[in-house]
Amino acid sequence: MTTVSAQAVPVIPRGVRLHEDKLRGQWVLLAPERTITLDAIGLAILQEVDGLCSFQTLVERLAAKYDAPVDQISGDVAGFLTGLADRRIVELC
């Protein structure tokens with residue numbers, strides 16, 4: 001299982017993209033031969049992934065935006081991103 005360091009930079013790789021499925025009224029993550037339906041939390045995390053900011057910065061942004069404890073946000077975001085990284089849908093550089 002992949003782990004996330006505070007300095008790791010999450011990147012949505014080429015060939016993977018966020019897409020609003022207007023017909024079904026939901027957001028999905030499109031990857032080669034895969035479609036992943038996103039809930040509100042997954043969408044909020046991926047919308048902050050810009051390929052430039054570190055994991056720590058991403059967590060701090062989300063904690064400030066949703067007025068939540070950094071420790072709680074950190075665990076949730078790490079779990080989500082490592083799950084996608086293990087499936088090679090997100091890269092942790």
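Which side chain meets that of Asp 50 in a salt bridge? I am working on a predicted model, and in it I find the side chain of Arg 61 paired with that of Asp 50 at 3.7 Å, N to O. Asp 50 lies in the loop between α1 and α2 while Arg 61 lies in helix α2, so the pair ties together parts that are eleven residues apart in sequence. I note Asp 50 as partly exposed at 39% relative accessibility, and Arg 61 as partly exposed too, at 35%.

Next I looked up Glu 48, which forms a salt bridge with Lys 65, the closest N and O atoms being 3.6 Å apart. This pair joins helix α1, where Glu 48 lies, to helix α2, where Lys 65 lies, and so ties together parts that are 17 residues apart in sequence. Glu 48 is buried, with a relative accessible area of 14%, whereas Lys 65 is exposed at 51%. Through shared partners, salt bridges join Glu 48, Asp 50, Arg 61 and Lys 65 into one network.

I then turned to the packing of α1 (residues 40–48) on α2 (residues 55–66), where the angle is about 125° and the axes are 10 Å apart; the two helices are therefore oblique to each other. The contact is made by Ala 44, Ile 45 and Glu 48 of α1 with Leu 58, Arg 61, Leu 62, Lys 65 and Tyr 66 of α2, which I sort into five nonpolar, no polar and three charged residues.

My search of the whole structure gave four salt bridges, among them one between Arg 24 and Asp 21 at 2.8 Å, N to O.

Notes:
Residues are numbered from 1 along each chain as its sequence is written. This is a predicted model: local features need pLDDT of at least 70, side-chain atom pairs count only at pLDDT 80 or more; totals for chains, interfaces and linings use all residues. Side-chain values use heavy atoms; hydrogens and water are left out. Axes are lines fitted to C-alpha atoms, for helices over the stretch in contact, and angles run from 0 to 180 degrees between N-to-C directions. Helices (H or I, at least four residues) and strands (E, at least two) are DSSP runs, numbered from the N terminus. Angles under 35 degrees count as roughly parallel, over 145 as roughly antiparallel, 65 to 115 as roughly perpendicular and the rest as oblique. Contact means heavy atoms within 4.5 Å. Ala, Val, Leu, Ile, Met, Phe, Trp, Tyr, Cys and Pro count as nonpolar, Asp, Glu, Lys and Arg as charged, and the others, Gly among them, as polar. Buried means under 20% relative accessible area, exposed over 50%, partly exposed in between (1.4 Å probe, protein chains only).
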